[in-house]
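User: I have a structure open and want to check some of the labels used for it. Please answer each point by setting the value against its cut-off.

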Amino acid sequence: MDKKYKFVKENGIFYTDKKLATKMVNLLDIDYKVNFTLIEPAVGEGHILSLIVNRYLKENKNKTDEEKVEFLEKNIAGFDIRDEAIAICIEKLDYIAKQYVQKKIKWKIQKFDALEREDLSKKFGKYDYVISNPPYVSRHNMDDRTILALRNQSEFCVKFNYDLYYYFFEVGFDLWNRYGKIVYITPNSYMKARSGEILMEYIVDNSLVETIIDYEDEIKFEGATTYTAITVFSTDNKILRVKNKENKVIVKVTYKDLINKYNYRVYSHDFLTQYKKDFIDLGEISEIKNGLATLQDKVFIISEKEI
């Protein structure tokens, strides 16, 4: 296996294609004519951030170079743990900026280990908008250092086979000033897995989810056997909406009902199924005694007599 591909796969890094990235940027609903701040954790090679920078520069052609440079240097930020990804990201941003600005921009794209959570806000501060395609690494595939770090400082990664992207939700909330929005693209498992219960309770208790676009069983990333959702977070939401890939609303429930009437805490590991018609939980018609961990690139051959 190619070394670069092996590193990317083992660290849960899957790049966002332009169509998905554009959809995420649109969901931020930014007014590029006014002052705003934005950060992308796990910025990677800048596939998402470059769209935002390009859109800002397009819509602010009449501003002076000094104004554009000052905005981009002070208001746009990102970080990643990989030097080579940061270099590519900056190169991409420079290429875009040269079409609109004659001056050199000192991008606030830095190397930073997100596991050093105590230094996060101190180093970066708070932002109106947070957008990310964070890494996806299940508990079973994490190294000892990551497991220990999450044990010491994560509230969401504590039960069952949790995933690293749960922690990046916490990172996003740390960096967010609650004025704009957060848009993340992640696996949709946090809505359905028992390991996502604490995360679900937090975002429901705080009425943070505006919309979830659930791609259900559609594979959106090449090389990643994972099912995807885009989650939009904002404040003061009265209604939680879930849409499918055709943009049709499949769940619409008020937070008041979700908390009081439907007792979401009992079903928070799979709250969506409580509102879908013609759905039967497998546990209602059978007793489940054996299971296999899938999505780990392994083949299991089991003798019938051993079951």
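User: What makes S8 and S9 a pair of strands?

Analyst: This is a predicted model. Strand S8 and strand S9 (residues 249-254) are joined by five bridges. Pairing needs at least two bridges, so S8 and S9 count as paired. The two strands run antiparallel. One of the bridges sets Ile 239 against Thr 254 in S9.

User: What is found between the strands of that hairpin?

Analyst: Five residues lie between S8 and S9, and in this hairpin Asn 247 takes a positive phi near 70°.

User: How do you know that Lys 243 has no salt bridge?

Analyst: Lys 243 belongs to strand S8 (residues 239-243). The nearest side chain of opposite charge is that of Glu 210, and the distance is 7.9 Å. A salt bridge needs a nitrogen within 4 Å of a carboxyl oxygen, so Lys 243 has none, although the residue is buried.

User: Which residues is Lys 243 in contact with, leaving aside neighbours within four places in sequence?

Analyst: Its contacts of that kind are Thr 211, Ile 212, Ile 213, Asp 214, Lys 248, Val 249 and Ile 250.

User: Why is the contact of Glu 70 and Lys 74 called a salt bridge?

Analyst: The N to O distance between their side chains is 3.2 Å. The limit is 4 Å, so the pair qualifies. Glu 70 and Lys 74 are four residues apart in helix H4 (residues 65-75), which separates them by about one helical turn.

User: Are Glu 70 and Lys 74 exposed or partly exposed?

Analyst: Exposed means over 50% relative accessible area. Lys 74, at 56%, is therefore exposed, whereas Glu 70, at 44%, is partly exposed.

User: Which residues of H4 are buried, and what covers them?

Analyst: The buried residues of H4 are Lys 68, Val 69, Phe 71, Leu 72 and Asn 75. Their cover includes strand S1 (38-41), helix H3 (49-59) and strand S2 (76-80).

User: What does the salt bridge of Lys 111 and Asp 83 tie together?

Analyst: The side chains of Lys 111 and Asp 83 meet at 3.2 Å, N to O. Lys 111 is in strand S3 (residues 108-111) and Asp 83 in helix H5 (residues 83-97), so the bridge ties together parts that are 28 residues apart in sequence. Lys 111, at 48% relative accessible area, is partly exposed, and Asp 83 is partly exposed at 47%.

User: Why are Glu 170 and Arg 117 called buried?

Analyst: Buried means under 20% relative accessible area. Glu 170 has 3%, so this residue is buried. Arg 117 has 18%, so the label holds there too. The side chains of Glu 170 and Arg 117 form a salt bridge of 3.1 Å, N to O. Glu 170 lies in helix H8 (residues 164-175) and Arg 117 in the loop between S3 and helix H6 (120-124), so this pair ties together parts 53 residues apart in sequence. Salt bridges with shared partners join Arg 117, Glu 170 and Asp 174 into one network. The structure holds 13 salt bridges.

User: How do you know that the buried residues of H9 are on the same side?

Analyst: In helix H9 (residues 197-205), Glu 197, Leu 199, Met 200, Ile 203 and Val 204 are buried. They cover an arc of only 160° around the axis, which means that they lie on the same side of H9. Just after H9, Ser 207 takes a positive phi of about 50°.

Methods
Residues are numbered from 1 along each chain as its sequence is written. This is a predicted model: local features need pLDDT of at least 70, side-chain atom pairs count only at pLDDT 80 or more; totals for chains, interfaces and linings use all residues. Side-chain values use heavy atoms; hydrogens and water are left out. Buried means under 20% relative accessible area, exposed over 50%, partly exposed in between (1.4 Å probe, protein chains only). The arc is that of the directions from the helix axis to the C-beta atoms. Lys and Arg count as positive and Asp and Glu as negative; His and the chain ends are not counted. Contact means heavy atoms within 4.5 Å.
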